[in-house]
Amino acid sequence: MTNKEGLEAMKSQDRNMRVRALRAVFVDPKPEGVDVILAGLGDSKRRVKEVALKSSKPFLGDRRVVERIAAMVEDETEYHRIRDKALFALGGGFPKVNEAGQMPEPAISALKSLAAVDKYRGAVLGRLVRMGLTPEVEALLHEYVRSGSKDEAVAATRALCGYRLVNWGKAKPADLAAAGAVHASGVDYWIRRDSTVGAALEKAGIIPSTAGHSGWPWSRGRERSAR
């Protein structure tokens with residue numbers, strides 16, 4: 001689907017056509033596809049907005065996309081599920097949260113601004129501890145260590161000290177041990193960043209992504225290491 005076709009599809013009264021256009025620009029992302037994403041983020045239908053958020057990852061280097069998503073996070077009139085998914089998407093969480101990797105500067109700047117608001121601090125940290133440890137992410141984590149609560153500082157410190165948080169469903173004890181996993185809560189585990197087991201399982205889709213937030217704090221409960 002060309003950009004022109006995508007924009008025409010976004011004008012369709014059939015929301016399924018609009019959803020297909022969004023998925024098409026995600027699968028084959030090109031700079032001009034940003035116009036389709038922006039149209040989807042401003043759509044009147046919740047379903048279309050959700051797909052636009054899921055499809056936004058390749059376009060987080062565009063400030064218009066990032067500003068729109070950040071505005072959705074802060075919009076008190078927006079449906080709470082959309083606001084949660086907007087923050088999730090802003091952290092590079094779709095389609096696989098643990099492959100967020102290097103984040104574009106506009107997205108990092110938006111997360112930094114949200115982290116300065118008490119209401120969003122915990123949720124932003126929930127994104128940071130899953131990301132690749134770039135200099136920008138490190139700087140934000142150090143700020144949590146400096147000014148955060150005890151639980152925030154513990155989580156940020158663990159992320160800075162060679163671990164990252166993953167959602168690991170029904171992990172096998174042997175895999176947990178090989179990844180150097182430390183239980184956080186529920187199905188969340190801290191694994192070593194250099195774990196080849198964890199990377200291989202993510203690539204295979206065995207470690208799933210998560211579209212929600214774990215109970216805070218992640219350091220609460222059993223500090224059970226699999227080693």
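View 1. Arg-146 is exposed, with a relative accessible area of 62%, whereas Glu-143, at 32%, is partly exposed; here exposed means over 50% relative accessible area, buried under 20% and partly exposed in between, with a 1.4 Å probe and protein chains only. This is a predicted model, in which local features need pLDDT of at least 70 and side-chain atom pairs count only at pLDDT 80 or more, while totals for chains, interfaces and linings use all residues. Residues are numbered from 1 along each chain as its sequence is written, and side-chain values use heavy atoms, with hydrogens and water left out. Arg-146 and Glu-143 form a salt bridge whose closest N and O atoms are 2.5 Å apart, a salt bridge being a side-chain nitrogen of Lys or Arg within 4 Å of a carboxyl oxygen of Asp or Glu. Because the two residues lie three residues apart in helix α9 (residues 135-147), about one helical turn separates them; helices are DSSP runs (H or I, at least four residues), numbered from the N terminus.

View 2. Glu-105 and Arg-63 are joined by a salt bridge, with 2.4 Å between the closest N and O atoms. This pair links distant parts of the chain, since Glu-105 belongs to helix α7 (residues 105-115) and Arg-63 to helix α5, 42 residues apart. Glu-105 is partly exposed at 40% relative accessible area, and Arg-63 is partly exposed at 45%.

View 3. The side chains of Lys-30 and Asp-28 meet in a salt bridge of 3.6 Å, taken from N to O. Lys-30 is partly exposed, with a relative accessible area of 43%, and Asp-28 is partly exposed at 45%. Elsewhere, Glu-76, Arg-83 and Lys-119 are linked in a network of salt bridges.

View 4. Arg-15, Arg-23, Lys-45, Arg-47 and Lys-54 gather in a patch of positive charge on the surface, where a patch joins like charges within 9 Å, or nonpolar side chains within 5 Å, among residues with over 30% relative accessible area and no salt bridge. Helices α2 (15-27) and α4 (46-54) each give two or more residues to the positive patch. Lys-45 lies in the loop between α3 (34-41) and α4. In α4, Val-48, Lys-49, Glu-50, Val-51, Ala-52 and Leu-53 are buried, and the buried residues of α4 pack against α2, α3, α5 (63-74) and α6 (80-90).

Terms used:
Areas by Shrake-Rupley, 256 points an atom, 1.4 Å probe, with all protein chains shown as cover. Lys, Arg positive; Asp, Glu negative; His and termini not counted. Charge placed at Lys NZ, Arg CZ, Asp CG, Glu CD. Contact = heavy atoms within 4.5 Å.
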